[in-house]
Amino acid sequence: MSRRADAVRNVESIIGAAITCLARDPRATMADIAKEAGLGRVTLYGHFASRPALVDAVVARVLERGERVLAEIDVDGDPRATLARLIRSSWRLVDQSRAVVVAAQDELSAERIRQLHEGPAARVQLLIEHGRERGDFRTDMPVSWLVAMLHQILHGAGAEVSAGRLDPAQAPELVTKTVFALLDPR
């Protein structure tokens, strides 16, 4: 195996191990992750110079996987029905990666987290714009604000589940009702 193929395999192993470790404990150390990956810390640091760099790569990977799921949702139909489907799918992704979100908030700047979410945010922006054109969603607030609020509501639900104050099975319905109340054009 070439050195390059070995390096690619190591990076994949490290990211996979980081996702596993961070899911168990958002404060997992680089040593914990190296052990889970079956690699030495020197190898891990050879690919990721710091924990924030590794967490950044993990968040990017989790969002890539999520983007593949969300890309299957047709955003050209009825905006309210489409948004409800998008929220349900997004909730499953947020629920699965709650601990990764905690790690990201600990290690990455708010600006970097926003940058990493640009792909999913663009889909929601198009959907809200479509709904506004049809009169289904309010037009008195900036679209960027409405997209940001949807993001905050989803992640707020994740925080409530993590804190034990919300049943994860109830979250999609509560998020959907809250978002629809926010977007109501009346």
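Trainee: Which helices each supply at least two residues of the lining of the largest pocket?

Mentor: Keep in mind that this is a predicted model. Helix 1 (3-24), helix 4, helix 5, helix 6 (98-107), helix 7, helix 8 and helix 9 each do that. Helix 9 gives the largest share, 8 residues.

Trainee: What makes a residue part of that lining, and which ones are closest to the centre of the largest pocket?

Mentor: A lining residue has an atom within 4 Å of a pocket point. The pocket has a volume of about 1000 Å³, and of its 38 lining residues, Leu63, His117, Pro120, His151 and His155 are the closest to the centre. By residue type, the lining splits into 22 nonpolar, 11 polar and 5 charged.

Trainee: Why are some residues of helix 8 called buried, and which are they?

Mentor: Buried means under 20% relative accessible area, so Pro120, Arg123, Val124, Leu127, Ile128 and Gly131 get the label. They cover an arc of only 130 degrees around the axis, so they sit on the same side of helix 8. Among the elements covering them are helix 4 (51-70), helix 5 (79-96) and helix 10 (171-183).

Trainee: What does the face turned away from the buried side carry?

Mentor: Leu126 and Glu133, both exposed.

Notes
Residues are numbered from 1 along each chain as its sequence is written. This is a predicted model: local features need pLDDT of at least 70, side-chain atom pairs count only at pLDDT 80 or more; totals for chains, interfaces and linings use all residues. Side-chain values use heavy atoms; hydrogens and water are left out. Buried means under 20% relative accessible area, exposed over 50%, partly exposed in between (1.4 Å probe, protein chains only). Helices (H or I, at least four residues) and strands (E, at least two) are DSSP runs, numbered from the N terminus. The arc is that of the directions from the helix axis to the C-beta atoms. Contact means heavy atoms within 4.5 Å. On a 1 Å grid over the protein atoms alone, a cavity is a set of points where a 1.4 Å probe fits but cannot get out, and a pocket is an open set with protein on both sides within 12 Å along at least five of seven lines; lining residues have an atom within 4 Å of a point. Grid points are joined across faces, edges and corners, and a volume is the space filled by probe spheres set on the points. Ala, Val, Leu, Ile, Met, Phe, Trp, Tyr, Cys and Pro count as nonpolar, Asp, Glu, Lys and Arg as charged, and the others, Gly among them, as polar.
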